[in-house]
Amino acid sequence: MDLIWDGIREALRILGTGDYSLWEITLRSLFISGSAVAISLLIGTALGSVLAFNEFPGRNLAFAVVNTGMGLPPVVVGLLVAIMLWRSGPLGQLNLIYTPLAMIAAQTIIAAPIVTGFTAAALRSLSPRLRSQLYALGASRLQMLWLILWEAKLPLLAAVMAGFGAAVSEIGASIMVGGNLAGETRVLTTAVVLEVSRGEFAPAIALSIVLLALIFAVNLILTTVQQQEQRS
Amino acid sequence: MAAAGCGGGKEIILATTTSTQDSGLLDELLPAFKQESGYKVKVIAVGSGEALAMADRGDADAVLAHAPSSEEELVDKGSVVNRQLVMHNDFVILGPADDPAGIKGVDSATEALTAIADKGSPFVSRGDDSGTDKLEKSLWKKAGLDPEGEGWYEQSGQGMGATLQIANQRGAYTISDRGTYLAQSENLDLEVLVEGDPVLLNVYHVMQVNPERFGRVNAEGGQAFVEFMVSEETQEIIRNFGVEEFGQPLFIPDAGKSESELGLD
Amino acid sequence: MSQAKLSIRDVRVRRRGVDILHVPHLDVLPGEVLAVIGPNGAGKTTLLMVLALLERPSQGQVLFEGQSVEGQELPLRRRMAVVLQEVLLLRRSVVDNVAMGLALRGVPSRERQKRALHWMERFGIAHLAHRGTRNLSGGEAQRASLARAFALEPEVLLLDEPFNGLDQPTREGLLEELAGVLAETGVTTVFVTHDRDEAARLAHRVAVLLGGRLRQVGPVAEVFAAPVDEEVAAFVGVETMVPARVVGDAGGLARLEVAGHAIEAVSRGPLAADVLVCLRPEDVVLALPDGLSTSSARNRLPGVVTRVVPAGVQVRVTVDCGFPLLAAITRQSLEELGLGVGVRVVASFKATAIHLIPRSGGH
């Protein structure tokens, strides 16, 4: 028990003084997971709208694939991406292994099915005649897509939050493709694992607090926007 | 660009073990290496098994490991070259202060393990194919025992630090390299119970991944690293590493010595 | 004859192997109001969607001012405005919704607001401008939908059952306003309805759609008075329909002037100056000129029989009283009175039998 209290006290000290390259790691987490989610959003809205609106053979299969993708274990994704990016692998000449870019790629693969699935569901929940109405008003395909997405912005926001949550909390893929290199590819989650394996609980707790705060802040945004919408 | 060993530029990938990284030695040495040679080192710290597998695939430029028999296999295969002795430390058998199996002060590691098995006292193994793990398994074998599957024998599948924590929590015995133990001893209630047996020596070698065999390897960088590790200045740093903090060095530098000098086969 | 604004040639719409719409030829003339009427499921909405360039026919062509619309759908769609049956509004203020069509066409913000507000005033909902759309009543939503369409100042206006689902008084009010706006703006309009009274009130020409096929196209009075076959007749309910002027309204009785005759009809409220007089053939009694001099029927018009058409047990007799008047009598009566083409008769009908439909503007 003492261990934990000591840990928490020390953690607060670290947080207070900004010791331990905490902020560098936090910013990197934000950058990597944020980028992954941004890319996932592009992919997700494009694929999600095709899934929701277009009839094509194999559509049901596509839905099943997306749903499976949502439940894909991140560590499996990490292994697959690592195998591709290792020097001994097919994409080895890109020299991407153990770089932040590789981590963004892996996290995108993890988050994209989540965003796609949520987007498709959100768009399907809108009235099917809304698209006709917008075309009837003279919308081009792009305008229609933009307006529909704006109309579904609450569930879309939820999709982004879910994707971000998945990306920022995952460890397995990040370690495998990133290598947990200090100053380069170390993020909040991988740093926690490292510190625990070293027996350094105080920094581990500090990092965990930051991670929790991050996730909480991000969810706060969603809740605030939701509340605003309800009121108007 | 099909010439051998033309990859990497001013960066090298060093495959090493978690216990090596956790000791903090590399944090001390690598800035000096960077300054001297200009090479930035990407330290990938994984289990011994994985580190050597990386070398075998050509996914690293240099390796710093402590699993000599497995390393020798790679030399025979031609996956690594320029293998040089760097340093050694030793393993110790740790356990709870009350020592239920009564192994404190025993000279022979295998005797101690036999006592633990007889008593059925809890023992935590790394079980991750690392150098430490391989050593431990070889000791059980030497003692003529097979603890796998026994109720008192647990495998953590994790690094040394985590394994020490588990052993600590359970009041169990375990084998650790001295360096990791010293680094964490403040947080542990475990004590050194058996030490000094020559079989407990933990020998570190540095080697290059063979650039002739793997096209993407950074030959120059790998070579520079090997030379750096056995250089006099580096050996001096190793000699003094940990003295201030723990009162004893974590590693004994051995560059240039022959294998037999250490009492190894 | 002026060139058609919108035309359909050889259009078929096929769903699951069945032709749900087949129209070889239809023209929408510039400035006219064309009503497409038919029972539910007749394919009216499909026809409208094809005209609105929102649905591609399986076969055939749509022409805009004589040119094929192929490849030009988006710019042409932007010259038209469509009001769909279900009013769909986005989650933003009412005025933003009304201005939506303009926004999609790139009209700058200030201009958009101006035009949107102008039309919201015209349809009486300017006070709702900055409200959210969630709690609008059916009538308010429909007015917003109309304002949204008119704000575009389109060259063609297409409406799909715009008054469906509204309660009677709301419907009345809206119908009135729409009639006024259509007359003012003179925009080419196609609207779809299953209600013939609406068609009669707003349209110049009517197209009857049954089972996905166009059965008859022509001026309102003509189609309703002279349906081309049984099925059409059954749907439109044959009647005499003739424009009249209201010249007086007192004591619950309106006095109307029709083709030189004065007739009286029961009036149930204030009347527009121009109306359509509708009379069911079953309500018309024929007599020879020397018979029936006193009866309770307030209207007695002399005329000449111009047509005799057997229709099952009955006979449909068309009498020319200065306008074509339809009467339905039994075969026996026909024979007993010795009626035939050219015979002089007096047609009489009660004031209560007349059904008036207001018209704005002369058609």
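1. Two residues are in contact if their C-beta atoms, placed from the backbone, lie within 7 Å. By this criterion, eleven residues of chain A meet 19 residues of chain B. The chain A side of this contact comprises four nonpolar, five polar and two charged residues; here Ala, Val, Leu, Ile, Met, Phe, Trp, Tyr, Cys and Pro count as nonpolar, Asp, Glu, Lys and Arg as charged, and the others, Gly among them, as polar.

2. This is a predicted model, in which local features need pLDDT of at least 70 and side-chain atom pairs count only at pLDDT 80 or more, while totals for chains, interfaces and linings use all residues. Residues are numbered from 1 along each chain as its sequence is written, and chains are lettered from A and ligands numbered from 1 in the order in which they are written.

3. Chain A also touches chain C, with 15 residues of chain A in contact with 16 residues of chain C. Helices α6 (128-136) and α7 (141-151) of chain A each supply at least two residues of that side, and α6(A) gives the most, with six residues. Its classes are six nonpolar, seven polar and two charged residues. Helices are DSSP runs (H or I, at least four residues), numbered from the N terminus.

4. Within chain C, helix α6 (residues 138-150) and helix α7 (residues 168-185) pack at an angle of about 15°, with their axes 10 Å apart. Axes are lines fitted to C-alpha atoms over the stretch in contact, and angles run from 0 to 180 degrees between N-to-C directions. The two helices, α6(C) and α7(C), are therefore roughly parallel (an angle under 35 degrees).

5. The residues making this contact include C:Leu146 and C:Phe150 of α6(C) and C:Leu174 and C:Leu178 of α7(C). By class, the contact of α6(C) with α7(C) has five nonpolar, four polar and one charged.

How values were computed:
Angles under 35 degrees count as roughly parallel, over 145 as roughly antiparallel, 65 to 115 as roughly perpendicular and the rest as oblique.
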